[in-house]
Amino acid sequence: MAGLKRRVPMHSLRYFISMVGLFSKSGLLPWYARNPPGWSQLFLGTVCKGDFTHVVATKCQKGQKSQKKPSHLGPLDGSWQERLADVVTPLWRLSYEEQLKPVINGYRNKSTFSVNRGPDGNPKTVGYYLGTWRDGNIVCVRSNNLKNIPEKHSQVAQYYEVFLRQSPLEPCLVFHEGGYWRELIVRTNSQGHTMAIITFHPQKLSQEELHVQKETVKEFFIRGPGAACDLTSLYFQESTMTRCSHQQSPYQLLFGEPYIFEELLSLKIRISPDAFFQINTAGAEMLYRTVGELTGVNSDTILLDICCGTGVIGLSLAQHTSQVLGIELVEQAVEDARWTAAFNGITNSEFHTGRAEKILPGLLKSKEDGQSVVAVVNPARAGLHYKVIQAIRNCRAIRTLVFVSCKLHGESTRNIIELCCPPDSAKKLLGEPFVLQQAVPVDLFPHTPHCELVLLFTR
(Lines give C-alpha, C1' and ligand atoms only; values in the text may rest on other atoms or scores of the structure.)
Protein backbone atom coordinates (compact mmCIF):
# COMPACT_ATOMS: atom_id res chain seq x y z
CA MET A 1 0.00 0.00 0.00
CA ALA A 2 1.44 3.32 -1.03
CA GLY A 3 2.64 5.43 1.88
CA LEU A 4 -0.28 4.53 4.13
CA LYS A 5 1.65 4.30 7.39
CA ARG A 6 3.08 7.76 7.15
CA ARG A 7 2.37 9.62 10.37
CA VAL A 8 2.34 13.10 8.86
CA PRO A 9 -1.10 14.54 8.10
CA MET A 10 0.73 17.83 7.43
CA HIS A 11 -0.81 21.27 7.17
CA SER A 12 -4.35 20.26 6.22
CA LEU A 13 -4.81 18.09 9.29
CA ARG A 14 -3.04 20.55 11.55
CA TYR A 15 -5.35 23.28 10.29
CA PHE A 16 -8.30 20.97 10.85
CA ILE A 17 -7.28 20.22 14.43
CA SER A 18 -6.90 23.91 15.23
CA MET A 19 -10.31 24.49 13.65
CA VAL A 20 -11.82 21.71 15.77
CA GLY A 21 -10.36 23.29 18.86
CA LEU A 22 -11.93 26.61 17.93
CA PHE A 23 -15.32 25.01 17.35
CA SER A 24 -15.09 23.06 20.59
CA LYS A 25 -14.42 26.21 22.59
CA SER A 26 -17.41 27.87 20.98
CA GLY A 27 -19.62 24.90 21.76
CA LEU A 28 -20.36 24.25 18.09
CA LEU A 29 -18.29 21.12 17.66
CA PRO A 30 -17.73 18.77 20.62
CA TRP A 31 -14.64 16.63 20.23
CA TYR A 32 -14.81 13.01 21.33
CA ALA A 33 -11.43 11.31 21.63
CA ARG A 34 -11.90 7.69 20.66
CA ASN A 35 -9.39 5.02 19.74
CA PRO A 36 -9.57 4.16 16.03
CA PRO A 37 -10.46 0.61 14.99
CA GLY A 38 -7.68 -1.92 14.98
CA TRP A 39 -7.06 -1.81 11.23
CA SER A 40 -6.06 1.81 11.37
CA GLN A 41 -2.93 0.92 13.34
CA LEU A 42 -1.63 -0.58 10.12
CA PHE A 43 -1.05 2.85 8.70
CA LEU A 44 -1.48 5.35 11.52
CA GLY A 45 1.19 3.96 13.82
CA THR A 46 1.02 5.95 17.06
CA VAL A 47 -0.68 8.99 15.63
CA CYS A 48 -4.01 8.32 17.33
CA LYS A 49 -2.45 7.29 20.63
CA GLY A 50 -2.06 9.80 23.40
CA ASP A 51 -1.73 13.44 22.42
CA PHE A 52 -2.95 13.38 18.82
CA THR A 53 -2.56 17.11 18.31
CA HIS A 54 1.00 17.12 19.65
CA VAL A 55 2.14 14.35 17.31
CA VAL A 56 0.60 16.07 14.31
CA ALA A 57 2.04 19.44 15.15
CA THR A 58 5.51 17.96 15.69
CA LYS A 59 5.44 16.13 12.39
CA CYS A 60 4.16 19.21 10.58
CA GLN A 61 7.01 21.28 11.93
CA LYS A 62 9.52 18.70 10.73
CA GLY A 63 7.89 18.63 7.34
CA GLN A 64 7.97 22.41 7.09
CA LYS A 65 11.64 22.57 7.96
CA SER A 66 12.46 20.08 5.23
CA GLN A 67 10.61 21.97 2.53
CA LYS A 68 12.57 24.44 0.44
CA LYS A 69 10.24 26.88 -1.24
CA PRO A 70 11.97 28.94 -3.93
CA SER A 71 11.47 32.64 -3.35
CA HIS A 72 12.00 33.41 -7.04
CA LEU A 73 12.70 31.66 -10.29
CA GLY A 74 16.17 32.99 -10.89
CA PRO A 75 19.14 30.78 -11.80
CA LEU A 76 20.60 30.86 -8.26
CA ASP A 77 18.07 28.45 -6.73
CA GLY A 78 19.38 25.20 -8.17
CA SER A 79 18.44 23.28 -11.31
CA TRP A 80 15.05 23.53 -12.98
CA GLN A 81 14.37 19.91 -12.11
CA GLU A 82 15.12 20.48 -8.42
CA ARG A 83 12.89 23.54 -8.30
CA LEU A 84 10.06 21.66 -9.97
CA ALA A 85 10.47 18.81 -7.48
CA ASP A 86 10.40 21.33 -4.60
CA VAL A 87 7.02 22.63 -5.81
CA VAL A 88 5.30 19.39 -6.84
CA THR A 89 6.83 16.93 -4.34
CA PRO A 90 8.27 19.13 -1.57
CA LEU A 91 9.20 16.18 0.65
CA TRP A 92 11.39 14.48 -1.96
CA ARG A 93 14.61 15.35 -0.15
CA LEU A 94 13.58 13.23 2.85
CA SER A 95 14.93 9.69 3.06
CA TYR A 96 11.39 8.63 3.97
CA GLU A 97 12.57 7.03 7.21
CA GLU A 98 9.74 9.00 8.79
CA GLN A 99 7.39 7.70 6.13
CA LEU A 100 6.49 4.22 4.94
CA LYS A 101 8.50 1.85 2.81
CA PRO A 102 5.85 0.41 0.44
CA VAL A 103 5.21 1.88 -2.99
CA ILE A 104 6.08 5.54 -2.57
CA ASN A 105 7.44 6.29 -6.05
CA GLY A 106 5.57 6.45 -9.32
CA TYR A 107 2.25 5.88 -7.58
CA ARG A 108 0.08 8.20 -9.68
CA ASN A 109 -2.32 6.48 -12.10
CA LYS A 110 -3.24 9.78 -13.75
CA SER A 111 -1.03 12.70 -14.72
CA THR A 112 -1.91 15.93 -16.54
CA PHE A 113 0.91 17.59 -18.48
CA SER A 114 0.86 21.17 -19.72
CA VAL A 115 2.39 22.66 -22.85
CA ASN A 116 4.30 25.92 -22.62
CA ARG A 117 7.73 27.53 -22.84
CA GLY A 118 10.53 25.57 -21.25
CA PRO A 119 13.61 26.92 -19.46
CA ASP A 120 15.27 27.18 -22.88
CA GLY A 121 12.37 29.23 -24.27
CA ASN A 122 10.97 26.50 -26.52
CA PRO A 123 7.15 26.91 -26.48
CA LYS A 124 6.66 23.24 -27.30
CA THR A 125 7.78 21.87 -23.93
CA VAL A 126 5.62 19.29 -22.14
CA GLY A 127 5.70 19.14 -18.35
CA TYR A 128 4.59 21.04 -15.24
CA TYR A 129 4.41 24.74 -14.53
CA LEU A 130 6.66 26.77 -12.28
CA GLY A 131 5.80 30.39 -11.58
CA THR A 132 2.45 32.15 -11.80
CA TRP A 133 0.36 33.67 -14.56
CA ARG A 134 -0.08 36.79 -12.44
CA ASP A 135 3.66 37.44 -12.33
CA GLY A 136 4.14 36.44 -15.94
CA ASN A 137 7.05 34.09 -15.13
CA ILE A 138 5.56 30.74 -16.16
CA VAL A 139 8.08 28.07 -17.09
CA CYS A 140 7.19 24.51 -18.16
CA VAL A 141 9.61 21.87 -16.83
CA ARG A 142 9.74 18.20 -17.79
CA SER A 143 8.62 15.72 -15.14
CA ASN A 144 11.31 13.07 -15.60
CA ASN A 145 12.76 13.40 -12.10
CA LEU A 146 9.53 13.70 -10.10
CA LYS A 147 9.25 10.76 -7.71
CA ASN A 148 5.46 10.53 -7.82
CA ILE A 149 5.17 10.34 -11.62
CA PRO A 150 5.52 6.84 -13.20
CA GLU A 151 8.17 6.40 -15.87
CA LYS A 152 5.44 5.44 -18.34
CA HIS A 153 3.69 8.80 -17.86
CA SER A 154 6.92 10.73 -18.37
CA GLN A 155 7.69 8.61 -21.42
CA VAL A 156 4.38 9.45 -23.08
CA ALA A 157 4.88 13.15 -22.24
CA GLN A 158 8.37 13.03 -23.75
CA TYR A 159 7.10 11.55 -27.01
CA TYR A 160 4.21 14.01 -27.14
CA GLU A 161 6.85 16.74 -26.96
CA VAL A 162 8.72 15.08 -29.84
CA PHE A 163 5.50 15.08 -31.84
CA LEU A 164 4.77 18.75 -31.09
CA ARG A 165 8.23 19.84 -32.16
CA GLN A 166 7.83 18.24 -35.55
CA SER A 167 4.27 19.53 -36.03
CA PRO A 168 3.82 22.68 -38.16
CA LEU A 169 1.00 23.82 -35.86
CA GLU A 170 1.81 26.02 -32.87
CA PRO A 171 0.81 25.13 -29.30
CA CYS A 172 -2.05 26.95 -27.60
CA LEU A 173 -0.34 28.68 -24.69
CA VAL A 174 -3.01 31.35 -24.10
CA PHE A 175 -6.47 30.99 -25.65
CA HIS A 176 -6.84 34.50 -27.08
CA GLU A 177 -3.39 34.32 -28.66
CA GLY A 178 -4.20 31.37 -30.93
CA GLY A 179 -2.42 28.05 -31.28
CA TYR A 180 -3.68 24.48 -31.27
CA TRP A 181 -1.88 21.79 -29.26
CA ARG A 182 -2.68 21.82 -25.57
CA GLU A 183 -2.36 19.52 -22.57
CA LEU A 184 -1.84 15.77 -22.34
CA ILE A 185 -3.50 13.42 -19.82
CA VAL A 186 -2.04 9.96 -19.20
CA ARG A 187 -3.93 7.26 -17.28
CA THR A 188 -2.54 3.82 -16.38
CA ASN A 189 -3.76 0.82 -14.41
CA SER A 190 -1.99 -1.82 -12.34
CA GLN A 191 -1.75 -4.09 -15.40
CA GLY A 192 0.31 -1.47 -17.24
CA HIS A 193 -2.36 -0.45 -19.74
CA THR A 194 -1.94 3.17 -20.84
CA MET A 195 -4.54 5.67 -22.04
CA ALA A 196 -3.46 9.03 -23.46
CA ILE A 197 -5.78 12.00 -24.02
CA ILE A 198 -4.64 14.93 -26.14
CA THR A 199 -6.45 18.26 -25.87
CA PHE A 200 -6.53 20.40 -29.01
CA HIS A 201 -7.92 23.88 -29.64
CA PRO A 202 -9.55 23.72 -33.10
CA GLN A 203 -9.51 27.49 -33.65
CA LYS A 204 -10.98 27.90 -37.17
CA LEU A 205 -9.77 24.66 -38.73
CA SER A 206 -12.21 22.90 -41.05
CA GLN A 207 -13.32 19.32 -40.37
CA GLU A 208 -10.98 18.14 -43.12
CA GLU A 209 -8.03 19.94 -41.52
CA LEU A 210 -8.94 18.55 -38.11
CA HIS A 211 -9.08 15.06 -39.61
CA VAL A 212 -5.53 15.51 -40.93
CA GLN A 213 -4.23 16.44 -37.48
CA LYS A 214 -5.97 13.50 -35.83
CA GLU A 215 -4.58 11.09 -38.39
CA THR A 216 -1.10 12.58 -37.98
CA VAL A 217 -0.98 12.13 -34.20
CA LYS A 218 -2.57 8.70 -34.51
CA GLU A 219 0.09 7.61 -37.01
CA PHE A 220 2.84 8.97 -34.76
CA PHE A 221 1.76 6.81 -31.80
CA ILE A 222 0.94 3.70 -33.83
CA ARG A 223 3.78 3.49 -36.36
CA GLY A 224 6.00 6.45 -35.61
CA PRO A 225 8.43 7.10 -32.75
CA GLY A 226 5.52 7.25 -30.28
CA ALA A 227 4.87 3.53 -30.83
CA ALA A 228 7.52 2.98 -28.15
CA CYS A 229 4.88 4.09 -25.61
CA ASP A 230 2.73 1.04 -26.47
CA LEU A 231 -0.50 2.93 -25.81
CA THR A 232 -3.62 0.93 -25.07
CA SER A 233 -5.77 3.80 -26.30
CA LEU A 234 -5.45 7.33 -27.64
CA TYR A 235 -8.17 9.96 -27.24
CA PHE A 236 -8.48 13.38 -28.87
CA GLN A 237 -10.60 16.21 -27.50
CA GLU A 238 -11.36 19.48 -29.27
CA SER A 239 -11.54 22.01 -26.45
CA THR A 240 -12.16 25.76 -26.66
CA MET A 241 -12.07 26.19 -22.87
CA THR A 242 -9.57 25.49 -20.13
CA ARG A 243 -11.44 22.30 -19.25
CA CYS A 244 -14.28 20.66 -21.17
CA SER A 245 -16.38 17.74 -20.00
CA HIS A 246 -17.26 14.86 -22.30
CA GLN A 247 -20.76 16.34 -22.63
CA GLN A 248 -19.37 19.72 -23.69
CA SER A 249 -16.83 18.30 -26.12
CA PRO A 250 -16.81 14.50 -26.59
CA TYR A 251 -13.62 12.52 -26.22
CA GLN A 252 -12.86 11.02 -29.63
CA LEU A 253 -11.20 7.60 -29.59
CA LEU A 254 -8.50 7.59 -32.28
CA PHE A 255 -7.46 3.99 -31.63
CA GLY A 256 -7.45 1.27 -28.99
CA GLU A 257 -9.70 0.32 -26.11
CA PRO A 258 -12.31 2.84 -24.92
CA TYR A 259 -11.79 2.14 -21.21
CA ILE A 260 -9.23 1.25 -18.58
CA PHE A 261 -10.12 -1.47 -16.09
CA GLU A 262 -8.83 -1.79 -12.55
CA GLU A 263 -9.07 -4.45 -9.84
CA LEU A 264 -9.96 -2.96 -6.48
CA LEU A 265 -11.58 -4.46 -3.36
CA SER A 266 -12.48 -7.66 -5.27
CA LEU A 267 -14.27 -5.60 -7.93
CA LYS A 268 -13.44 -5.14 -11.59
CA ILE A 269 -13.92 -1.41 -12.19
CA ARG A 270 -14.39 0.35 -15.52
CA ILE A 271 -12.85 3.80 -15.84
CA SER A 272 -13.75 6.18 -18.69
CA PRO A 273 -11.36 8.94 -19.78
CA ASP A 274 -13.46 11.62 -18.06
CA ALA A 275 -14.26 9.70 -14.85
CA PHE A 276 -12.77 10.50 -11.44
CA PHE A 277 -10.71 7.77 -9.84
CA GLN A 278 -8.28 8.22 -6.94
CA ILE A 279 -4.82 8.82 -8.39
CA ASN A 280 -3.16 6.29 -6.05
CA THR A 281 -4.74 2.88 -6.62
CA ALA A 282 -3.15 1.07 -3.67
CA GLY A 283 -3.88 4.02 -1.42
CA ALA A 284 -7.46 4.19 -2.69
CA GLU A 285 -8.05 0.63 -1.54
CA MET A 286 -7.06 1.51 2.02
CA LEU A 287 -9.02 4.76 1.85
CA TYR A 288 -12.20 2.93 0.83
CA ARG A 289 -11.67 0.26 3.48
CA THR A 290 -11.35 3.06 6.02
CA VAL A 291 -14.59 4.64 4.81
CA GLY A 292 -16.36 1.29 4.92
CA GLU A 293 -15.21 0.62 8.47
CA LEU A 294 -16.42 4.00 9.69
CA THR A 295 -19.85 3.79 8.06
CA GLY A 296 -20.91 0.83 10.21
CA VAL A 297 -23.46 -0.25 7.58
CA ASN A 298 -25.60 -3.38 7.93
CA SER A 299 -28.34 -5.20 6.04
CA ASP A 300 -30.93 -2.63 7.15
CA THR A 301 -28.91 0.36 5.97
CA ILE A 302 -29.32 2.44 2.83
CA LEU A 303 -25.92 3.77 1.75
CA LEU A 304 -26.09 7.15 0.07
CA ASP A 305 -22.90 7.77 -1.96
CA ILE A 306 -22.74 11.47 -2.89
CA CYS A 307 -20.17 12.57 -5.50
CA CYS A 308 -19.65 8.86 -6.09
CA GLY A 309 -17.41 8.99 -9.18
CA THR A 310 -17.20 5.48 -10.61
CA GLY A 311 -19.18 4.20 -7.60
CA VAL A 312 -16.40 2.19 -5.95
CA ILE A 313 -17.20 3.11 -2.34
CA GLY A 314 -20.87 2.18 -2.59
CA LEU A 315 -20.32 -0.92 -4.70
CA SER A 316 -17.63 -2.25 -2.37
CA LEU A 317 -20.13 -2.08 0.50
CA ALA A 318 -23.23 -3.18 -1.44
CA GLN A 319 -23.20 -6.72 -0.07
CA HIS A 320 -23.40 -5.36 3.49
CA THR A 321 -26.27 -2.91 2.85
CA SER A 322 -29.93 -2.92 1.92
CA GLN A 323 -29.41 -0.56 -1.02
CA VAL A 324 -26.77 1.72 -2.54
CA LEU A 325 -27.81 5.06 -4.03
CA GLY A 326 -25.12 6.96 -5.92
CA ILE A 327 -25.12 10.53 -7.27
CA GLU A 328 -22.51 11.83 -9.69
CA LEU A 329 -22.28 14.83 -12.04
CA VAL A 330 -20.12 13.17 -14.73
CA GLU A 331 -22.30 11.02 -16.97
CA GLN A 332 -19.42 8.80 -18.09
CA ALA A 333 -18.59 7.98 -14.47
CA VAL A 334 -22.21 6.96 -13.80
CA GLU A 335 -22.14 4.71 -16.85
CA ASP A 336 -18.93 3.18 -15.48
CA ALA A 337 -20.59 2.61 -12.08
CA ARG A 338 -23.58 0.91 -13.68
CA TRP A 339 -21.29 -1.29 -15.79
CA THR A 340 -19.21 -2.22 -12.75
CA ALA A 341 -22.35 -3.12 -10.79
CA ALA A 342 -23.68 -5.31 -13.61
CA PHE A 343 -20.34 -7.00 -14.32
CA ASN A 344 -19.83 -7.85 -10.63
CA GLY A 345 -23.40 -9.07 -10.15
CA ILE A 346 -24.47 -6.28 -7.81
CA THR A 347 -28.24 -5.82 -8.05
CA ASN A 348 -29.06 -3.55 -5.10
CA SER A 349 -27.54 -0.34 -6.46
CA GLU A 350 -28.77 2.56 -8.56
CA PHE A 351 -26.87 5.58 -9.80
CA HIS A 352 -28.19 9.00 -10.74
CA THR A 353 -26.56 11.54 -13.06
CA GLY A 354 -26.72 15.23 -12.20
CA ARG A 355 -25.96 17.82 -9.58
CA ALA A 356 -26.30 16.48 -6.07
CA GLU A 357 -28.05 19.64 -4.88
CA LYS A 358 -30.86 19.02 -7.39
CA ILE A 359 -31.18 15.24 -7.06
CA LEU A 360 -30.60 14.70 -3.36
CA PRO A 361 -33.65 16.45 -1.83
CA GLY A 362 -36.13 14.45 -3.91
CA LEU A 363 -34.20 11.23 -3.40
CA LEU A 364 -34.28 11.67 0.37
CA LYS A 365 -37.99 12.44 0.63
CA SER A 366 -38.82 8.75 0.31
CA LYS A 367 -36.29 7.80 3.01
CA GLU A 368 -38.10 9.21 6.02
CA ASP A 369 -39.90 5.96 6.82
CA GLY A 370 -37.61 4.99 9.67
CA GLN A 371 -34.98 3.12 7.65
CA SER A 372 -31.43 4.11 8.54
CA VAL A 373 -29.48 6.06 5.92
CA VAL A 374 -25.70 6.39 6.04
CA ALA A 375 -24.27 9.09 3.79
CA VAL A 376 -20.77 9.18 2.32
CA VAL A 377 -19.57 12.39 0.65
CA ASN A 378 -16.35 12.65 -1.31
CA PRO A 379 -16.55 16.08 -2.94
CA ALA A 380 -14.09 17.84 -5.18
CA ARG A 381 -11.90 20.57 -3.72
CA ALA A 382 -14.74 23.06 -4.10
CA GLY A 383 -16.66 21.19 -1.39
CA LEU A 384 -20.39 20.48 -1.25
CA HIS A 385 -23.07 22.81 -2.56
CA TYR A 386 -24.99 24.54 0.23
CA LYS A 387 -28.25 22.85 -0.82
CA VAL A 388 -26.61 19.45 -0.42
CA ILE A 389 -25.68 20.36 3.15
CA GLN A 390 -29.28 21.50 3.71
CA ALA A 391 -30.66 18.21 2.39
CA ILE A 392 -28.32 16.15 4.59
CA ARG A 393 -29.03 18.22 7.71
CA ASN A 394 -32.79 18.12 7.16
CA CYS A 395 -33.05 14.38 6.46
CA ARG A 396 -33.76 12.82 9.85
CA ALA A 397 -32.97 9.34 8.51
CA ILE A 398 -29.26 10.21 8.10
CA ARG A 399 -27.68 9.49 11.46
CA THR A 400 -24.14 8.79 10.22
CA LEU A 401 -22.09 10.81 7.75
CA VAL A 402 -18.58 10.04 6.48
CA PHE A 403 -16.88 13.04 4.86
CA VAL A 404 -13.75 12.47 2.74
CA SER A 405 -11.67 15.56 2.04
CA CYS A 406 -8.41 16.13 0.19
CA LYS A 407 -8.49 19.85 0.98
CA LEU A 408 -9.96 20.52 4.37
CA HIS A 409 -9.50 24.26 4.50
CA GLY A 410 -11.65 26.58 2.40
CA GLU A 411 -15.07 25.33 1.34
CA SER A 412 -14.81 22.07 3.25
CA THR A 413 -14.43 24.09 6.44
CA ARG A 414 -17.66 25.90 5.61
CA ASN A 415 -19.35 22.54 4.98
CA ILE A 416 -18.30 21.23 8.38
CA ILE A 417 -19.49 24.35 10.18
CA GLU A 418 -22.89 24.05 8.46
CA LEU A 419 -23.14 20.37 9.35
CA CYS A 420 -22.33 20.93 13.02
CA CYS A 421 -23.81 24.34 13.89
CA PRO A 422 -27.04 24.69 15.90
CA PRO A 423 -30.30 24.71 13.91
CA ASP A 424 -30.73 27.94 11.95
CA SER A 425 -34.09 28.66 10.34
CA ALA A 426 -32.70 31.60 8.40
CA LYS A 427 -30.24 29.27 6.65
CA LYS A 428 -32.84 26.47 6.42
CA LEU A 429 -30.65 24.20 8.53
CA LEU A 430 -33.46 22.72 10.57
CA GLY A 431 -32.22 19.22 11.36
CA GLU A 432 -30.30 18.13 14.41
CA PRO A 433 -26.59 19.05 14.12
CA PHE A 434 -23.93 16.44 13.52
CA VAL A 435 -21.10 15.81 15.95
CA LEU A 436 -17.56 15.00 14.82
CA GLN A 437 -16.54 11.66 16.32
CA GLN A 438 -13.32 10.68 14.59
CA ALA A 439 -10.72 11.87 12.08
CA VAL A 440 -8.52 9.40 10.21
CA PRO A 441 -5.77 10.63 7.84
CA VAL A 442 -4.85 8.35 4.94
CA ASP A 443 -1.69 9.18 3.00
CA LEU A 444 -2.38 8.89 -0.72
CA PHE A 445 0.33 11.35 -1.70
CA PRO A 446 3.85 10.37 -0.54
CA HIS A 447 6.54 13.07 -0.96
CA THR A 448 3.90 15.82 -0.69
CA PRO A 449 2.33 17.57 2.32
CA HIS A 450 -1.16 16.41 1.33
CA CYS A 451 -3.33 13.58 2.59
CA GLU A 452 -6.94 12.43 2.45
CA LEU A 453 -8.81 12.98 5.70
CA VAL A 454 -11.80 10.80 6.58
CA LEU A 455 -14.18 12.40 9.08
CA LEU A 456 -16.90 10.51 10.92
CA PHE A 457 -19.97 12.49 12.01
CA THR A 458 -22.97 11.13 13.90
CA ARG A 459 -26.12 12.56 15.49
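Modeller: Let's start with Ile-327, whose bridge partner in strand S12 is His-352. S12 covers residues 349-353 and runs parallel to strand S11, with five bridges joining the two. Two strands count as paired if DSSP finds at least two bridges between them. Strands and helices here are DSSP runs numbered from the N terminus: a strand is a run of E with at least two residues, and a helix is a run of H or I with at least four.

Before we go on, a word on the ground rules. This is a predicted model, in which local features need pLDDT of at least 70 and side-chain atom pairs count only at pLDDT 80 or more, while totals for chains, interfaces and linings use all residues. Residues are numbered from 1 along each chain as its sequence is written, and side-chain values use heavy atoms, with hydrogens and water left out.

Back to S11, then. On another side of the story is strand S10 (residues 302-306), which also runs parallel to S11 and is joined to it by five bridges. Here Asp-305 stands opposite Gly-326 in S11. S11 itself spans residues 323-328, and five of its six residues are buried. Buried means a relative accessible area under 20%, exposed means over 50%, and partly exposed is in between (1.4 Å probe, protein chains only).

Now follow the chain between these strands. S10, helix H8 (residues 312-317) and S11 make a right-handed β-α-β unit. S11 then takes part in another right-handed β-α-β unit, with helix H9 (residues 331-343) and S12. To see what right-handed means, point the strands away from you: the path from the first strand over the helix to the second runs clockwise.

Zoom out, and the protein chain has 12 helices and 16 strands. Of its 459 residues, 54% count as buried. Take the contacts (heavy atoms within 4.5 Å) between residues at least 6 apart in sequence: 67% of them join residues at least 24 apart.

Buried residues turn up in helices too. In helix H4 (residues 80-88), Arg-83, Leu-84, Ala-85 and Asp-86 are buried. The buried residues of H4 pack against strand S2 (125-130) and strand S3 (139-141).

Next, the rings. The structure holds 11 aromatic pairs. In one of them, the rings of Phe-220 and Phe-221 have their centres 5.1 Å apart and their planes at 85 degrees, so this pair is edge-to-face. The rule covers rings of Phe, Tyr and Trp (its six-membered ring) with centres within 6.5 Å: planes under 30 degrees apart are stacked, over 60 edge-to-face, and the rest tilted. Phe-220 is buried, at 4% relative accessible area, and Phe-221 is buried at 4% as well.

Some rings have a charge over them instead, meaning NZ of Lys or CZ of Arg is within 6 Å of the ring centre and within 35 degrees of the ring normal. The charged end of Arg-270 sits over the ring of Tyr-259, 3.8 Å from its centre. Likewise, the charged end of Lys-268 sits over the ring of Phe-261, 4.9 Å from its centre.

Finally, a few loop residues. Gln-203 has a positive phi of about 50 degrees although it is not a glycine; Gln-203 lies in the loop between strand S5 (194-200) and helix H6 (207-222) and is partly exposed at 29%. His-447, not a glycine either, has a positive phi of about 75 degrees. His-447 sits in the loop between strand S15 (435-442) and strand S16 (452-458), and counts as buried at 1% relative accessibility. Arg-396, in the loop between helix H11 (386-394) and strand S14 (398-405), counts as exposed at 61%.
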